[in-house]
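Please open the structure in a viewer and keep the selection tool at hand. The stops below proceed from one selection to the next.

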Amino acid sequence: MATLRPVTLAKSRIVPLSEPWASLTPGGGLRRGSTVVVHAQPGLGGLSVGLSLLSDASAKGHWAAVVGVDDPGVVAMSDLGVDLRRVLFVPRPRGAWAEAAGDLLDGVDLLIVRPPSRASHGAARKLMDRVRERGIVLIVLTEPRAPWPLPADLSFHLVSSRWIMSSRLDARYVTLRVSGRGEAQHRGEHVVMVPDVRGRAVAR
Amino acid sequence: MERLLALWVEPLSEERPDGSVLRDYLRVLDALEVLCPFVEPVRLGLCTLPLRGPSRFFGGDEAVFAAVRQIVRDVLGLDVALGVAEGLFCAELAARQGVVLHAGQTTAFRRVQPLAALGHKELATTGRSLGIYSVGDFADLDASRVAERFNAAVRVLHRVARGELAELPGQRDTRLSARLRDARGEDIKGDEQVSFFGQRSAGDDRARAAAHRVRHRLGPDGVLVARLRGGRAPEDRASLTPWGSPSCDERDDAPWPGRLAGPSPITSLHQPVAVELCDDADEPVRMSARGSLSAAPTSLVFAHGSRRSIVWFAGPWPLVERWWASGRRRAHVQVLLDSGEAMLLSAEVGRWWLVGIYD
């Protein structure tokens with residue numbers, strides 16, 4: 001039987017991102033082998049930002065896994081543009097988040113991990129090394145009480161967020177500080193609307 | 001501790017040479033997953049599910065029991081013994097005895113069980129000679145005295161008797177999930193995710209193998225996939241089902257009258273959290289029968305006592321549904337806290353539940 005590659009060449013060095021994320025990142029996508037950290041106070045939008053990064057890749061045939069996000073709102077994910085047919089969820093890995101993440105490395109192009117507590121230096125190092133070796137992208141969701149112990153290749157630091165309300169919650173502006181290593185250094189602060197009134201992520 | 005509903009189907013507790021019992025057991029599990037995605041296989045003949053979520057969803061414990069009985073009857077043509085208690089040890093005993101325990105009654109129930117319920121013949125015999133007849137008598141023995149007199153296995157049973165451990169060693173069949181996975185083999189092939197072109201890609205195969213590895217590590221409900229279906233509230237439209245279980249319904253994007261407008265919460269709690277809404281006089285905010293609030297909510301109070309200030313709210317948006325032959329009245333309210341966090345609450349059966357967080 002003929003096997004088909006995802007629409008984007010699997011050998012491509014970049015996992016694609018849609019706007020508004022593409023214009024915030026060097027090369028307009030996520031570099032394979034890299035680690036991305038999305039850091040935010042809980043409840044202010046970090047989860048929406050992190051999961052939104054899956055949308056373009058999943059829609060183009062890449063698989064993703066989400067480890068440690070206990071109760072993912074899959075309606076919201078679908079509204080963000082994530083193709084849920086290619087997402088595996090491991091909501092409650094209990095003490096074994098690093099092992100579960102390791103199990104998934106060979107099967108997905110994007111791996112989102114939210115460690116339940118501060119990851120040890122060793123576990124973080126090992127996971128990042130294996131991600132680099134496998135050529136996938138690791139997205140770590142962190143909060144102040146559980147920071148990632150190692151520098152990331154790219155980081156989105158959620159600085160502030162503000163809701164727009166009418167007779168209901170309509171949309172939210174989040175301000176992100178984007179930084180990283182190499183070409184990703186000093187990419188400045190950006191405001192993104194996530195979710196907008198239709199649940200999508202859009203540039204302001 | 002969480003109240004567990006245990007289902008005991010005695011004719012399914014012994015395997016037959018043709019493997020038909022395992023297949024029947026699997027059919028029951030799959031049918032129950034429509035009711036609750038967190039059905040846990042324990043061993044042949046026995047499975048459990050957390051009662052709180054389904055009970056809230058179906059409008060009470062009795063409605064869940066009726067639904068479960070009907071499902072088992074439909075699938076197997078057999079009657080199921082049901083019991084409710086906290087912890088697997090007591091839940092199984094409750095099922096075998098057909099007892100439904102309310103929160104807080106499990107300890108008393110455990111204590112009156114005969115010592116033999118711990119499943120250790122020697123302990124039961126020795127206990128009798130010492131005048132120890134019930135699990136409660138045994139629990140009252142000092143741990144150091146138990147340690148002097150008995151081996152490690154009995155010391156573990158002592159902890160079960162005292163309620164420090166929720167289940168007996170060996171109560172759960174550790175090989176069951178692997179056996180179920182093998183038995184599900186055919187279903188998995190039929191349920192594979194297809195690529196854009198209707199064919200499996202190499203990436204799909206790799207993802208499938210990875211999901212297998214995680215399920216092997218974490219158990220049958222360790223890996224979930226999402227499905228969307230019709231429904232008004234986000235918590236109804238989403239379903240997360242164990243990876244590899246037969247798909248029960250396809251994606252349905254048809255608009256539903258009364259669907260909540262605007263963005264959906266990115267965290268949708270599968271077990272809603274009971275909360276209290278209070279007004280600025282610290283009185284509880286109630287929903288009237290006509291669907292209005294008794295006062296504007298100004299604080300959100302969690303069961304463990306922490307309190308958050310509400311700076312804005314919207315709603316209520318009532319939903320009246322007639323489902324599973326019983327009318328359900330629900331209403332949603334959005335609140336924005338002073339920290340900037342936004343949450344979705346639902347009023348049902350006379351109280352407030354946190355159902356979603358707009359993280």
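Which residues of H1(B) are buried? Select helix H1 of chain B, residues 20-33, in this predicted model. The buried residues there are B:Tyr25, B:Val28, B:Leu29 and B:Leu32. They lie on the same side of H1(B), because they cover an arc of only 100 degrees around the axis. The general rule behind such a pattern is that an α-helix has 3.6 residues a turn, so residues three or four places apart point the same way.

Now turn to the opposite face of H1(B). The face turned away from the buried side carries the exposed residues B:Ser20 and B:Arg23.

Among contacts in chain B with a separation of 6 or more, 50% join residues 24 or more positions apart.

Within chain B, select B:Val335, which is located in strand S10 (residues 326-337). Is B:Val335 buried or exposed? B:Val335 is buried, because 25 other C-beta atoms lie within 10 Å. Leaving aside residues up to four places away in sequence, B:Val335 touches B:Pro297, B:Leu300, B:Ile310, B:Phe313, B:Met343 and B:Leu345.

Then bring both chains into view. Here 49 residues of chain A are in contact with 50 residues of chain B. On the chain A side, two or more residues each come from helix H1 (46-52), helix H3 (74-79), strand S5 (87-90), helix H4 (97-104), strand S8 (154-165) and strand S9 (169-180). H3(A) gives the largest share, five residues. By type, the chain A residues that touch chain B divide into 27 nonpolar, 12 polar and 10 charged.

Finally, colour chain A by pLDDT. The average for chain A is 90, and 92% of the residues score at least 70. Residues 1-11 of chain A have a pLDDT below 50, and this stretch has 19 contacts in the model beyond near neighbours in sequence.

Note on methods: Residues numbered from 1 in each chain as written. Chains lettered and ligands numbered in written order. Predicted model: local features only at pLDDT ≥ 70, side-chain atom pairs only at ≥ 80, totals over all residues. Contact = placed C-beta atoms within 7 Å. Helix = DSSP H or I, 4+ residues; strand = E, 2+ residues; numbered from the N terminus. Nonpolar A, V, L, I, M, F, W, Y, C, P; charged D, E, K, R; others polar. Expected span 1.5 Å × (residues − 1). Buried ≥ 20, exposed ≤ 12 C-beta atoms within 10 Å, placed from the backbone. Arc of directions from axis to C-beta. pLDDT = per-residue confidence, 0-100.
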